Amino acid sequence: MADFESHLSSLGLSLPSVPTPVASYVPSARVGNLVFVSGQIPIRDGQLLATGSIPEQVSVEEAQGLARQCVLNGLAVLAKEVGSIDRLKRVVRVGCFVSCSPGFGDQPKVANGASDLLCEIFGEAGQHARAAIGSVALPLNVPVEIEFLFEVE
Amino acid sequence: MADFESHLSSLGLSLPSVPTPVASYVPSARVGNLVFVSGQIPIRDGQLLATGSIPEQVSVEEAQGLARQCVLNGLAVLAKEVGSIDRLKRVVRVGCFVSCSPGFGDQPKVANGASDLLCEIFGEAGQHARAAIGSVALPLNVPVEIEFLFEVE
Amino acid sequence: MADFESHLSSLGLSLPSVPTPVASYVPSARVGNLVFVSGQIPIRDGQLLATGSIPEQVSVEEAQGLARQCVLNGLAVLAKEVGSIDRLKRVVRVGCFVSCSPGFGDQPKVANGASDLLCEIFGEAGQHARAAIGSVALPLNVPVEIEFLFEVE
């Protein structure tokens, strides 16, 4: 097993409590060595960090921070599912949805907030396939929603 | 094998005929014990049940019913792929796309129409990871489209 | 192994160089016999083939051609990941996002550009599950983005 938990701490980061799903589903579903994590939104301690569309109400830079929060929430879900993020073998796929207006094309910059953090925490194991997509509106009017697919040992 | 088919009947529900894909793809693709089901739309007996955006043309409550139809269509596809929904081991992931306007945030309520029905039919095996996403427009202008990932025995 | 590479040539097609990801992720991630390919955009030789929304700035017919380019890019990624497209066992899933306006319902027609080409190249092995979704805006303002899930030997 890797020691990703310690590395997370050394980065000054910690896992939040697992956000309660907004609805009647579960935070994650495991099948074999794959863990599918439900779409995570930028919520911390039960509070939405921001609402609105990018870039009108929320800047790209702020949205990158929101994407980081989605990652921490997703990792908290992973840890709850398999016991520890140390059991991660690889981040497989990240689906990043960005609330935006027609003509906006910086979804990848927003998603980089998530991708960069995953690589920072997990190194090579953090490298993942990704789809970054614009959305007209997201749950609870959040600016960013991210779902994850992890491979575990 | 579970007896989900009987339970479905006892709920007063039945599987529709498998909707013909709108285009040049197939209703489902199986790889190992995973069945990927194409995006299902609220069509029944060849008729679209509704078109338009939520909540302007279609209410959240009506959309929940449309989401239930998407589930029944998806289960019909599953049954065709593996012979019976009794071979389901677990609903793994639900991707729910909701046609809506900027500022709309009740995608999870719409998606609950699907999630609740899956849990009603399959119990614990129906619990799934989920992403609920707003979309500016969906195929044939339907209000809801849902794709499914099932684990089978 | 199949001889899909030769068939591709006989169709007058060739694989492009692998497009550099727009951001901090990787073109594909393999887990077991599954290859997840990142969202591909219609770029060729480093040039975007089109930007804008369908059907206002880009026609459905033109968008089908863009979807074909996304397929070629995705297959180039697959070939880089596993050595050759001859190692493909099956195209499992295609997620096609189409930049469009409210009320547009021809996402399936656009996505057919991709689906038809996959079946043309791979025959039965090219048949896949699919979700076609409208998006308010896509990375770099492209009209089409497609992600792929392939099963390999």
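The largest nonpolar core has 132 residues. Such a core is a set of buried Ala, Val, Leu, Ile, Met, Phe, Trp, Tyr and Cys residues joined through side-chain atoms within 4.5 Å; buried means under 20% relative accessible area, with a 1.4 Å probe and protein chains only. The residues with the most contacts inside this core are A:F122, B:F122, B:V144, C:F122 and C:V144.

This is a predicted model, where local features need pLDDT of at least 70 and side-chain atom pairs count only at pLDDT 80 or more, while totals for chains, interfaces and linings use all residues. Residues are numbered from 1 along each chain as its sequence is written, chains are lettered from A in the order in which they are written, and side-chain values use heavy atoms, without hydrogens and water.

Take C:V144. Beyond its neighbours within four places in sequence, its contacts (heavy atoms within 4.5 Å) include C:Q40, C:I54, C:L66, C:F97 and C:L138.

Now the sheet. In chain C, 5 strands form an open, mixed sheet in the order 1-2-7-5-6. Strands (E) are DSSP runs of at least two residues, helices (H or I) of at least four, numbered from the N terminus. Two strands pair if DSSP finds at least two bridges between them. Strands 1 (28–31) and 6 (129–135) of chain C stand at the edges with a single partner each, so one side of each lacks a neighbour in the sheet.

C:Q40 stands opposite C:I146 in strand 7 of chain C.

Helix 2 (residues 60–82) of chain C packs on the sheet, touching strands 1, 2, 5 and 7 of chain C. Helix 3 (residues 107–122) of chain C also packs there, touching strands 5, 6 and 7 of chain C.

Note on methods. Buried means under 20% relative accessible area, exposed over 50%, partly exposed in between (1.4 Å probe, protein chains only). Axes are lines fitted to C-alpha atoms, for helices over the stretch in contact, and angles run from 0 to 180 degrees between N-to-C directions.
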